[in-house]
Amino acid sequence: MGALPGAIKRFASRLRVAAGSPVIAFSLLCSAAILGNLAFQLLQSRSDALKSAARSATAMVRVLEKQTSATLDAADLALRSAERAALAAQGSNADVDGTLRDHLASLPFVRALFVLDADGNMIHDSERLPGAYNLAERAYFQAHRAADAGLYIDQPFVSKHGVSTIALSRRINRPDGSFGGVAVAALEPQALRKFYEAIKLGRDGVVTLARKDGVLMLRVPEAGTDTRPAPLTRLIAESAARSEGSYLARSTIDGIERQFHFRHVERQPLVLVLGVSTDETLASWRRASIAYVAVSLGFLLLVLWLSRLTFKELKARHALNQALEESGRELRAAQRLAKIGSWRLEYDTGREYWSEEMYRVMGLEPAATPPSMAQFNAMLHPDDVPEIYHGDPTVQEWSQELRSNPALGPIRYFHSRASLVKGADGRPTALLGTLQDITEQRLAQDKLRLSARVFEHTGDGIVVTDAANMIVAVNAAFERIMGYTEAEVLGQSALMLHADVDNSALAGTLWHSLQNQGQWRGEIRSRRKNGQLFPQWLNMSAISSERGEVEGYVGVFSDLSAIRSATEQLQFMNNHDPLTRLPNRSLLNDRLQQAIDGAGPEQRQLAVLLMNVDRLKRINEGIGHDAGDLLLREIGERLRTRIEPGDTLARLGSDEFVLLMTHLDDLDDVNACAQQLLELVAQPVHALGHELTVTASIGIALYPGDGTTPVDLIKNADTALAHVKESGRNSFRYYTGQMNIRALHWMSLEHRLRGAQARGELALHYQPQMDLASGHLCGMEALIRWNNETLGNVSPAEFIPLAEDTGLIVQIGEWVIRTACAQSRAWRDAGLAPVPIAVNVSGHQIMLGNVPALIADALAVNGLEPSALGIELTESVLMSEADTAMRQIDQLRAMGITVALDDFGTGYSSLSYLSRFALDKIKIDQCLVRHITDDVKSLAIARATIGLAHGLGLTVVAEGVETQEQLALLRDEHCDDIQGYLYSRPVAGEAAATFLARAATPRT
């Protein structure tokens, strides 16, 4: 068993030799081709032999089927004639028998013809047999008596005379359709046998006639047994779905394997089967195959003999190649270790050879054909390609450092040697060279040179000492920072540079860290040559030898003087306002918290005065922000003069200042200080050629009564400031708890208002407008109402200003427009008269600039004409957004939308707006209408307004009409329309429908 592994190895080696030789591989391929062709030819010729036999058998079975079909058709014709004769004779036996004999004479394959009556008695007979015969027990008689079976073919039987017979029968039907008997023809199978035997199918060929149910009717040659064969089950299965076909099977009668070809007999329940012996079919194929196999095997043996001779030759060559390969491996290993690749260029043939290491050095994948010399030169830096690489024969040997082509990637460095190889005649025959990758060595050298340059040119100071801490080297930055030259410090102790040398704790920490961790970093104080002290960030590292012994130290330090100054400046900027250089909010909160902490257990009183410069925005927008900045800077300087020791003046935002008073005797001090601040701010300021005068508003919160944290105090002072602004500005006010309650109420109201629309709490009520001339309904004004489940009905005077202030008016305004249009559509769908609806539009909506588009979309969605909607604007909207409002009013009127000026008489009531804007209506505010009956001035203003509007072609609507006296007076003054409680209060959409039900045709 021990010799087995060695034998396996030798066999494997031989296989490798054989597999590596093209000759042996070709021999094996030829052998495989011979055997493959032999197998293919044998299989193909066998298949051809079987196909040829199948075609012949198919043709013969068709011929036999036609003959069998014709024979049966002739017998069937005689039966039909006998049936007609029996019915016509009506009891005359002589006529029927004669007819039967005539037919029998023309049918040599039929032995006898006879007729049975309905009881099975033979009543007519072509042979006139003596005696009486009853055949009612026969299968064909019973089948016809049960039903009309057509031509019934019974299975063969042997007659009393010892003759094999097949009974063909057909039913006789009386004129009334009842069973009248059976006509029978006794067919001799011997007649068909003659036809079948004429077909030459070989020694084992067979022809079989069988019924479709598998009953054997006739077989040539005969079965050779007295017992009736079992039904041909394979034939039944094969012929059930096909009228013609073939199958391979072994006969159940004689056990011979045959290829059976079958065909259904036309119009008969019979199948004709022709069987050809497989052995006989393939006999000629076997003889030809034996000869073909003998020739192929002889040729195969010849190929194998030639292969054996070739194998011996290759074995000898393989030993030589192994020696060469071993030598090549040793050479490649040496080149790989030295990173040296070799190459050779043959001048005569132009062929080139590269070693494996040559590919590796050049960063290429090994290839069957190395790059050409031109391609190799393209891989090198254009300035480095030597003349010898260009094929200059005058250069015998050459050695130089080369660089790779920078266009192909990072530069690599090589050292190359090359020399010419000459032939016996002294003529150069080849160029031989080596190439070594020296990139790592070159980069290491460059790194050393770079380190030297960094040492000299870095902005940080560097000092190198020996193990005794004596200076051995410094860089230029050291000389610049410290003021010493290198010559002045070489050989000196590094301790001379540090001002903290006497700090034993710091020195102990430094040297302990160096000894244990090999480095230390931190901030120390150093002394320049001129004696100046400065902060320094020092990184010190120990330099250790390969044995781990400390050989010296290197220190890298940065001058922190500029950084420290910048840090202080940044800290100042983080805590102060850049414009006024006053403390900002962050520093104020810190100072305020310190003051609160210093108030002590007795809670000494503090005051926070939050001051706002009134209407600074007008100066910024009118003159410019530069003027506003100069104003704020001047105010800051003035206020700074009022600061007492311990107080803090801060600027929180663009126009807000805060004064923290920490020393109070009573509130008179706070009052006096607040009044002084107001007076200081009110003094004129000259800025950019303008004399500016502004006022201030101050809110005051006291510690601890109004808050105990900086946040609470500033918040409450801001609440007090808001009340000052509401009451007219240019004053001061103390915070009270009631102010906070009011602020909380507004916050709660805003929170609920934000979700009111989503909760379905908003609704529109409609106040009818009456035409004074006709007394008819001429319009509706949509008024928004808010019913909160907690607050109940909230007054529009309370939540509409809140919506304006928070910006919610934009989405609420869009909801009003769309809801009003939807209501108008609903009234029209209910069959009510169309009437225009007026909606109020806020300044925020006008500012967005999309009111025309919004209204056009709402009208289109509801299928309304432009006259179905009108808008109302206040004077404040026209003043604040004049250009934007004018552009949108023009667009709306071009669409056909009516535009009205609402609340006329409550604001500036500038006549320039009436001439500047294209309006359709003026609505006199209810505050004037309320007093026109008891105040002469109100009446005069109303009269003038009506006359002015009519002069401009505008319609006048009086709001808030509540008494008959007001109505009569307005009618006398020729007011066009009225609106008020006298006519109707604002009502929901359902109630407003009652007015539409009696509405007159709108005025045109």
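View 1. Helices here are DSSP runs of H or I with at least four residues, strands are E runs of at least two, and both are numbered from the N terminus. This is a predicted model, so local features need pLDDT of at least 70 and side-chain atom pairs count only at pLDDT 80 or more, while totals for chains, interfaces and linings use all residues. Residues are numbered from 1 along each chain as its sequence is written, and side-chain values use heavy atoms, with hydrogens and water left out.

View 2. Within α31 (residues 964-972), Q966, L967, L969 and L970 are buried (under 20% relative accessible area; exposed is over 50%, partly exposed in between, with a 1.4 Å probe and protein chains only). Looking down the axis of α31, these buried residues fall within an arc of 165°, so they line one face of the helix; the arc is taken from the directions from the helix axis to the C-beta atoms. Q964, E965 and D972 sit on the other side of α31, exposed.

**View 3. What covers α31.** The cover over the buried residues of α31 includes the strands β29 (762-771), β36 (955-959) and β37 (977-979), along with the helices α29 (926-929) and α30 (936-951).

**View 4. R638 in helix α18.** R638 is part of α18 (residues 625-640) and is buried, at a relative accessible area of 13%. Setting aside neighbours within four places in sequence, R638 is in contact (heavy atoms within 4.5 Å) with L680, V681, Q683, P684 and V685. The C-alpha atoms of R638 and V681 are 7.7 Å apart, though 43 residues separate the two along the chain. A polar atom of the R638 side chain lies 2.8 Å from the backbone oxygen of Q683.

Definitions and conventions: A polar contact is a pair of N or O atoms within 3.5 Å; within protein, one must be able to donate a hydrogen and the other to accept it, and residues adjacent in sequence count only if both atoms are side-chain atoms.
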